[in-house]
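Please look through the sequence and the structure shown here, and then follow the paragraphs below.

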Amino acid sequence: MRVIAGQYKGAKLISPRGEVRPTTDLVKGSLFSMLESRGFVRNARCLDLFCGSGSLGIEALSRGADSCVFVDMQTQNVAANLDKLKIVQEVVYGDFRRVIRQLRDKRFDLVFCDPPYRTDYAEQSYKLLVKYGMLCSDGIAVLEHSGAKELKNIPQSCIIEQRTFGASAYVLVGGGNESDICGNV
């Protein structure tokens, strides 16, 4: 796994061991091409939930994002990658629900949410981000999920774009308001 463009282009990243799905260069390249063409990366304040190695947040920083907060239950890999690249950013260890509540006074332009596919954490994360108003008015969240499973609790009015890349799918969603979001948080 490596950084594919920008300031840190070509840097190899340490990835977590075990049952993980590192985002491939092809998928990452396509995703960032889509994000950059819409102006979502440069100068963005980012949040990388379920960050693993920090690949998505580091790619955003490499392409001109201003900052990124990295969140995971295992932060040793992202910490090692940031240290290796001499990038100083906030790394928060903990369960995403607790961390989102802890960060609720912050606002983000771009949120990456790449949870384990067998969970509904992408939808839960999005609901919490909306509940606490953590997305800037023109901010977006990138929710990754299994290409075989649809995100059912995201209102169509909030969806900006959807793409499927084999086993992985991305949904770009805007802020919406809490009353539009299905279910309780």
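Arginine 104 lies over the face of tyrosine 132, at 5.9 Å from the ring centre (a charge sits over a ring if NZ of Lys or CZ of Arg is within 6 Å of the ring centre and within 35 degrees of the ring normal). This is a predicted model, in which local features need pLDDT of at least 70 and side-chain atom pairs count only at pLDDT 80 or more, while totals for chains, interfaces and linings use all residues. Residues are numbered from 1 along each chain as its sequence is written, and side-chain values use heavy atoms, with hydrogens and water left out.

The structure holds 5 aromatic pairs, where rings of Phe, Tyr and Trp (its six-membered ring) pair if their centres lie within 6.5 Å, and planes under 30 degrees apart count as stacked, over 60 as edge-to-face and the rest as tilted. In one of them, the rings of phenylalanine 50 and tyrosine 121 are stacked, because their centres are 5.9 Å apart and their planes are at 10 degrees. This pair links distant parts of the chain, 71 residues apart. Phenylalanine 50 counts as buried at 15% relative accessibility, whereas tyrosine 121, at 24%, counts as partly exposed (buried means under 20% relative accessible area, exposed over 50%, partly exposed in between, with a 1.4 Å probe and protein chains only). Phe50 and Tyr121 also form one aromatic cluster with Phe96.

The rings of phenylalanine 165 and tyrosine 170 have their centres 6.0 Å apart and their planes at 70 degrees, so this pair is edge-to-face. Tyrosine 170 counts as buried, at 1% relative accessibility.

Methods:
Helix = DSSP H or I, 4+ residues; strand = E, 2+ residues; numbered from the N terminus.
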